Amino acid sequence: MKKLLWLAVLLLGLAGCVPLGEPANPKPAEPEQPGQQATPEQPGGLAVHYIDVGQGSAAYLEWDGYSMLIDAGDWNASDVLVYLDKLQVEKIDIAVGTHPDADHIGQLARVIETYEVGEVWMSGNTSSSNTFIRTLEAVDEAEIPYEEPRRGGEYEIGSLEVEVLHPEELSGDTNSDSLSFRISYGETAFIFTGDADIQAEQEMVSSGLPLEADILLMGHHGSNTSTSREFLQAVEPDVAIYSAGLDNPYGHPYAEVLASVENEGAEVYGTDVNGTIVVETDGQEYSVETEREGVAKEGSNRCVDINGASTAELTELKGIGEALAKAIIDERPFETLDDLTRVNGIGKGKLAGLKEQGLACVGE
């Protein structure tokens, strides 16, 4: 009964936001004296693994005996678990699902079942997908503390500082509401934004929170719905990384996004061409190592997945304005393009126009 009630509360979107502190079962930190400044060089060092998970996203952070997983790849693969096993991981202090899309929380349930996980952080948005429901069940069965971080939250985990940039509150758009963080280790900072869109980025810029970072994980796999020029100028990254599958059907990354990042002076890496990318830092300097050499280039075979696209992406489809885009999101999932006629305002004529355009597609 307890399990069913807990799941029902989450699925109805009623789960509350509990203030966070240290992760569950934290290791003791050295106390600081008032006014004492931290030593610039951190003990042990931080390694951030941007794991090559194809058309998905997963990053594993390890530092000073702690670890954190931000997203867990696609639902129909096991590459995250294979990589963690390769690193001989036994415990993950914090496992994060930035938003409930199956290419971000895909293997999170199996991660929870396989490793000792201290806490799970999610945005609070829900999904009817089996992947999302299995994740909640795994959290409940393992009796793992569950949290929903919100903008302005600050957490110190050993020598790592995590600042929550977004969201302040939920809008109902799962991509836009992606959990977003600025993570710093000494003087080196990283930005993670999941699939947060340009509107979410504008809110982050307007919040006044610090955004400057050395390494940026580009939003939404390098789509033009994210990584706006305004956001880039606020972050000022030296390195920009995107996670995308080789020859993926969505055209990620987009040429205009790559051009914008490079014009701002950042060096670009992508998991599609470079494989897994590892950034190591001692808190002052950092290095970037790639699994293979390659130059980032625009994707091909671009399509707009009606089951996963944001409002902004859906408006790229012929005859689809913002109102219809939101109606499409409300009616998900669709098994075929023909199912779009379930949406009030999309008749046979508009459906024919969408098919003729050739941009719409149906993902999982």
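This is a predicted model: local features need pLDDT of at least 70, side-chain atom pairs count only at pLDDT 80 or more; totals for chains, interfaces and linings use all residues.
Local features need pLDDT of at least 70 and side-chain atom pairs count only at pLDDT 80 or more, while totals for chains, interfaces and linings use all residues, and side-chain values use heavy atoms, with hydrogens and water left out.

**Stop one: the whole protein.** Show the cartoon to see 11 helices and 17 strands (DSSP runs, H or I of at least four residues for helices and E of at least two for strands, numbered from the N terminus). Of the 364 residues, 55% are buried (under 20% relative accessible area, 1.4 Å probe, protein chains only).

**Stop two: Ser 243.** Select Ser 243, in the loop between strand S12 (239-242) and helix H7 (255-263). Is Ser 243 buried or exposed? Ser 243 is buried, with a relative accessible area of 6%. Leaving aside neighbours within four places in sequence, the contacts of Ser 243 (heavy atoms within 4.5 Å) include Ile 51, Leu 217, His 221 and Thr 271.

**Stop three: the cores.** Next, select Tyr 50, Leu 61 and Phe 192, which touch the most other members of the largest nonpolar core, a set of 30 residues (buried Ala, Val, Leu, Ile, Met, Phe, Trp, Tyr and Cys joined through side-chain atoms within 4.5 Å). Apart from that core lies another, of 29 residues, among them Ile 51, Ala 72, Ile 105 and Phe 132.

Key:
Residues are numbered from 1 along each chain as its sequence is written. Buried means under 20% relative accessible area, exposed over 50%, partly exposed in between (1.4 Å probe, protein chains only).
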